[in-house]
Amino acid sequence: MKTISIGADFSETPVGRFPSDGPFSGERFREEFLKPALTENDKVTVKIDDAEGYGSSFLHEAFGGLVQKRYFSAADLKKKLVIGCVDTSYQIYHDLIWKYINEARPE
C-alpha cells in the first residue's frame, strides 16, 4: 500500500489543469505521482486535506484524467484508490474526485 499526501509530497497549493498553468498542475500530479503509484501498488491512499484547497480543473485532470487517458477504469479505481480525508471541510473535494472519475469518458 502506498500513501501520497498532496500537500506534503506535491504542493500545498496545487492548481491548474496543464503544466502551462503552473508547476503544480493536475496533469503533472497524475503523470508523476498518481499513475505510477497506482500502477505499482494494489492500493493507493491519496491524502487530500493537507493542501490549501483545490480547483475543479486540478481535480478533473488529475483524477478524471486517469480514466480519460485509459490508464484505469472507474471500476479499477474503486478497488485501488482511497481518498483520505479526515477534515470534514474537505469532503466536498472527496466527492468531486469520485464524481470526475465516475463521469470521465475515455478519449
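1. Which backbone nitrogen does the side chain of Asp-49 reach at 2.7 Å? The backbone nitrogen is that of Asp-87. The model is a predicted one, and the points below describe its computed geometry.

2. The side chain of Asp-49 also reaches the backbone nitrogen of Val-86, at 2.5 Å. Asp-49 itself sits in the loop that lies between β2 and α3. With neighbours within four places in sequence set aside, Asp-49 is in contact with Gly-84, Cys-85, Val-86, Asp-87 and Tyr-90. Gly-26 is 23 residues from Asp-49 along the chain, and the C-alpha atoms of the two are separated by 16 Å.

3. The sheet is open and consists of three strands in the order β1-β2-β3, with parallel pairing. The edge positions are taken by β1 (2-5) and β3 (81-84); each has a single partner strand, so one side of each lacks a neighbour in the sheet. Ignoring direction, neighbouring strands are turned against each other by 20 degrees on average.

4. Helix α2 (residues 26-40) and helix α3 (residues 56-68) have axes that come within 9 Å and cross at roughly 35 degrees. The crossing is right-handed. On the α2 side the contact is made by Gly-26, Glu-27, Phe-29, Arg-30, Leu-34, Lys-35 and Leu-38. On the α3 side the contributing residues are Phe-58, Glu-61, Ala-62, Phe-63, Gly-65 and Leu-66. Sorted by class, this contact of α2 with α3 holds seven nonpolar, two polar and four charged residues.

5. Is Ser-25 buried or exposed? Ser-25 is buried, because its relative accessible area is 0% and the cut-off for buried is under 20%. Ser-25 belongs to the loop between α1 (6-10) and α2. The side chain of Ser-25 reaches the backbone nitrogen of Arg-28 at 3.2 Å. Not counting residues up to four places away in sequence, Ser-25 touches Phe-10, Val-15, Gly-16, Arg-17, Phe-18, Pro-19 and Phe-58. Of these, Phe-58 is also one of the α3 residues that make the contact with α2.

6. His-94 is part of helix α5 (residues 91-103). There is a polar contact between the side chain of His-94 and the side chain of Asp-95, at 3.2 Å. With residues up to four places away in sequence not counted, His-94 touches Ile-48 and Ile-83.

7. Where does Arg-70 lie? Arg-70 lies in the loop between α3 and α4 (74-80). Its phi is positive, about 65 degrees, although Arg-70 is not a glycine. In general, most residues other than glycine have a negative phi. Arg-70 counts as exposed because its relative accessibility is 57%, the cut-off for exposed being over 50%.

Note on methods. Residues are numbered from 1 along each chain as its sequence is written. This is a predicted model: local features need pLDDT of at least 70, side-chain atom pairs count only at pLDDT 80 or more; totals for chains, interfaces and linings use all residues. Side-chain values use heavy atoms; hydrogens and water are left out. Axes are lines fitted to C-alpha atoms, for helices over the stretch in contact, and angles run from 0 to 180 degrees between N-to-C directions. Helices (H or I, at least four residues) and strands (E, at least two) are DSSP runs, numbered from the N terminus. A crossing is left-handed if the near helix is turned anticlockwise from the far one by less than a right angle, and right-handed if clockwise. Contact means heavy atoms within 4.5 Å. Ala, Val, Leu, Ile, Met, Phe, Trp, Tyr, Cys and Pro count as nonpolar, Asp, Glu, Lys and Arg as charged, and the others, Gly among them, as polar. Buried means under 20% relative accessible area, exposed over 50%, partly exposed in between (1.4 Å probe, protein chains only). A polar contact is a pair of N or O atoms within 3.5 Å; within protein, one must be able to donate a hydrogen and the other to accept it, and residues adjacent in sequence count only if both atoms are side-chain atoms. Two strands pair if DSSP finds at least two bridges between them.
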